[in-house]
Amino acid sequence: MRFERIFEDLEGRLEHYEQEELRAVSEDLARAERAQLTLADRLRGAGRRELTLHVGSGLRLAGAVEEVGVEWVSLRETRTAQRAVVPLGAIGIVEGLSSRARPAQESLRSPLGLGSVLREIARDRSVVRLETTAGTVLGRIAGVGADALDVLSLPTGESSSVPGSARLTVTMSSLLAVLPR
């Protein structure tokens, strides 16, 4: 009888150690998987959830994620119901983002790069507001290169070129957001 209790005790300890080891391995795998997630993965996982993007020192954009590209996110703004395009590198803080993620292979992912999205906007000839690290530019995108875009500025907010309009070149690295006028 005494040996039975000793064996039961040993079996219980062994089972406990096996469970602890399994739990530790599971936690390590979860941490390793989490370490592989990018902001884009998490933004894709947000679905239509309301988020607030803090871009630059004073720009806040609230809305639902529409589309996520390799280096950009498209947000349907809450206030205006218009589309805002934000480079992922310009995002400083995201409010309301859950821990859910969606791999890049699933929906909401666009194969288009930021330059391609900006070229689409340029083809539409829409007047846009560019928020940059150097300030705000209002105008039409005239051309998009690999690392910069040309904008025909509309300094007075007119819908067509006026005296004082200028062709400005904006570097992609300074771009914080592209918003409809």
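Predicted model: local features only at pLDDT ≥ 70, side-chain atom pairs only at ≥ 80, totals over all residues.
**The chain as a whole**

The protein chain contains 3 helices and 10 strands, and, when it is read along the sequence, these elements follow the pattern α-α-β-β-β-β-β-α-β-β-β-β-β. Of the 181 residues in the chain, 36% are buried, while the accessible surface comes to about 11,000 Å², with 51% of that area belonging to carbon and sulfur atoms.

**Strand β3 and its partners**

Strand β3 pairs with β2 (residues 59-68), and β3 also pairs with β4. The table sets out these two pairings.

| Pair of strands | Sense and bridges | Residues between the strands | A facing pair |
|---|---|---|---|
| β3 and β4 | antiparallel, 5 bridges | 5 residues | Arg76 and Arg83 |

In the hairpin of β3 and β4, Ala81 takes a positive phi near 60 degrees. As for how far β3 is covered, 5 of its 6 residues are buried, so this strand is largely enclosed by the rest of the structure.

**Helix α3 and what it packs against**

Helix α3 spans residues 114-124, and its buried residues are Leu114, Gly115, Val117, Leu118, Ile121 and Ala122. Seen down the axis of α3, these buried residues fall within an arc of 160 degrees, so they line one face of the helix. Arg123 and Asp124, by contrast, are exposed on the other side of α3. The buried residues of α3 pack against several strands, namely β3 (72-77), β4 (83-87), β6 (127-132), β7 (135-144), β8 (148-153) and β10 (175-180), and in this way β3, already described as largely enclosed, is one of the strands that meet the helix. Just after α3, Arg125 takes a positive phi of about 60 degrees.

Elsewhere in the chain, Phe3, Ile6, Phe7 and Leu10 make a nonpolar surface patch of about 440 Å². Leu10 lies in helix α1, which covers residues 2-35, and with a relative accessible area of 47% Leu10 counts as partly exposed, because that term is used for values between the 20% limit for buried residues and the 50% limit for exposed ones.

Definitions and conventions
Residues numbered from 1 in each chain as written. Heavy atoms only, no water. Patch = residues over 30% accessible without salt bridge, like charges linked within 9 Å, V, L, I, M, F, W, Y side chains within 5 Å. Areas by Shrake-Rupley, 256 points an atom, 1.4 Å probe, with all protein chains shown as cover. Salt bridge = Lys/Arg side-chain N within 4 Å of Asp/Glu carboxyl O. Helix = DSSP H or I, 4+ residues; strand = E, 2+ residues; numbered from the N terminus. Buried < 20%, exposed > 50% of the residue type's maximum accessible area, 1.4 Å probe, protein only. Arc of directions from axis to C-beta. Contact = heavy atoms within 4.5 Å. Pairing = 2+ DSSP bridges.
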